[in-house]
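Trainee: I would like to go through this structure step by step. Please show it to me before I ask anything.

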Amino acid sequence: MHLDAFAVIALAGAVASALILIWYLVARPQLNRVTKLALLLGIGVFPLTTAGSGNYAGFEATKHREFCGSCHVMTPYLDDATDPKSTGLAAIHTRNAQFGKESCYTCHADYGMFGTVVTKMGGMRHVYHYLMTYRKKSLAEAKAEIHIREPFRSSTCRRCHTTTAPKWSEVGDHAALLKELRAGEVGCVGEGCHGPAHPWSKQP
Amino acid sequence: MSKWLRASAVLTLVALAMMVWSVLRPTPLPVMLAMSFGQAVGTAAFGIYGWVVLADLRRIRRDAKRAQELGLAEPAAEAAADIEPAAAEAAATKPPEPGS
C-alpha cells in the first residue's frame, strides 16, 4: 500500500484528534481553558486537516487505474490495459510513462476548466449504474451491455497529439481531415480510423 | 453542555474513522462514504462544538452583566469557566432564589 504525503498528513491528524477525543471521553476532565483548547484541536483543527488532506488523497486515489478496476465488471479492462502483450490502444497508452498509474483517468477525463468536476460527476454516475445494474451481473453479461456514454472526443487525443507535428501531418488521412479533427467533427478512436481503444470488448 | 460536547466528540470519531478507512483502503465505497456521510457527520460535530462555544461565551457574558448589575465584583472569566461540567449544569438549571 502506497501512502502519499496527503494521506500521511490525514492519518496523522486523525490519530492526534482521536487521542484528544478519547482522553476527553474517558477522563472527563474539567471544562477549563486547557480542555477547551484541546477540544478545539480535537474537534476542529485536526479533523479539518484530516478532511482537507484526506479529501485530496481520496480525489487522487480515484484517478488510479486500480480504483477504476476495483468494480468487477472493469477487471477485463484493467487486465487488458496492463497486459504487456496487448496491442489495444488502451494498453499501448498505459505503457507510456506519461500516463503512468492514471491511464484510465488520463484518457477518460474531460478537458477544460471544469473538466475535473465534470469527470467526477460522471464517475458518480458510473457508481450509480454499478450499484443499480451491473453489481449482480456476470462479466459476460456486463461486457455485452457496457458502452461509452458519448463518442470519444478527438480533443482528448489532441492534448498530446497536437496535430502540428510534421510526422503527424505526413499521414494523408490526418492532413485531409485536419479541419474536421480540430473542430471535433471526426473522432480518432471508436468509430474513427484507429478503432476501439479496448478492442477485446467489441469481440463477440 | 458537556453532554453535547461528548456527542460532538463521538461524532468526530465516527467521521475520522470513515476518513481513515478511505485513506487506507481507497476503493469506491470507503471513498464515497468518507466524502459524503463522513463530511456531513464531521461538519455536524464541528457545528455542535461551535454552538456549545457560543452558548458558553453568552453564559459568561450574561453572568458578568448580572454581577455588574448587582454591584458585585466581576467574576474572572477563568473562574467562571473552571467548574465541573456537572456543577455547571446544576447551576444552570437551579431556579433563582426569591428576592434575588
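Trainee: Which residues are linked in a network of salt bridges?

Mentor: This is a predicted model, in which local features need pLDDT of at least 70, side-chain atom pairs count only at pLDDT 80 or more, and totals for chains, interfaces and linings use all residues. Residues are numbered from 1 along each chain as its sequence is written, chains are lettered from A and ligands numbered from 1 in the order in which they are written, and side-chain values use heavy atoms, leaving out hydrogens and water. A salt bridge is a side-chain nitrogen of Lys or Arg within 4 Å of a carboxyl oxygen of Asp or Glu. The network of such bridges links A:Lys36, B:Asp56, B:Arg59 and B:Asp63.

Trainee: How many Å apart are the closest N and O atoms of A:Lys36 and B:Asp56?

Mentor: The count between chain B and chain A is 1 salt bridge. A:Lys36 and B:Asp56 form a salt bridge, and their closest N and O atoms are separated by 2.6 Å.

Trainee: Is B:Asp63 buried or partly exposed?

Mentor: B:Asp63 meets B:Arg59 in a salt bridge (3.5 Å, N to O), and the two are 4 residues apart in helix H2 of chain B, about one helical turn. Buried means under 20% relative accessible area, exposed over 50%, and partly exposed in between (1.4 Å probe, protein chains only). B:Arg59, at 19%, is buried, and B:Asp56, at 10%, is buried as well. B:Asp63 has 26% relative accessibility, so its class is partly exposed.

Trainee: How many residues of chain A are in contact with chain B?

Mentor: Contact means heavy atoms within 4.5 Å. By that rule, 30 residues of chain B meet a set of chain A residues that numbers 38.

Trainee: What is the area buried between chain B and chain A?

Mentor: Buried area is the accessible area (1.4 Å probe) that two parts lose on being put together, summed over both. Carbon and sulfur atoms give 75% of the area between chain B and chain A, and the whole is about 3,000 Å².

Trainee: How many residue pairs in polar contact are found across the interface, and which helix of chain B supplies the largest share of the side that touches chain A?

Mentor: A polar contact is a pair of N or O atoms within 3.5 Å; within protein, one must be able to donate a hydrogen and the other to accept it, and residues adjacent in sequence count only if both atoms are side-chain atoms. Across the interface of chain B and chain A there are 4 such residue pairs (both at pLDDT 80 or more). Helix H1 (2-24), helix H2 (28-69) and helix H3 (77-81) of chain B each supply at least two residues of the side touching chain A. The largest share, 13 residues, comes from H1(B).

Trainee: Is B:Ser8 buried or exposed?

Mentor: B:Ser8 is in helix H1 of chain B. Not counting residues up to four places away in sequence, B:Ser8 touches A:Ile43, B:Ala45, B:Ile48 and B:Tyr49. A polar atom of the B:Ser8 side chain lies 2.8 Å from the backbone oxygen of B:Ala45. Its relative accessibility is 0%, so B:Ser8 counts as buried.

Trainee: How many helices are there in chain B?

Mentor: Along the sequence, chain B follows the pattern α-α-α-α. Chain B has 0 strands, and its helices number 4.

Trainee: Which helix of chain A has the lowest mean pLDDT?

Mentor: pLDDT is the predictor's confidence in each residue, from 0 to 100. Chain A averages 89, and 98% of the residues score at least 70. Among the elements of chain A, helix H1 (residues 5-27) has the highest mean, 95, and the lowest, 84, belongs to helix H7 (residues 115-134).
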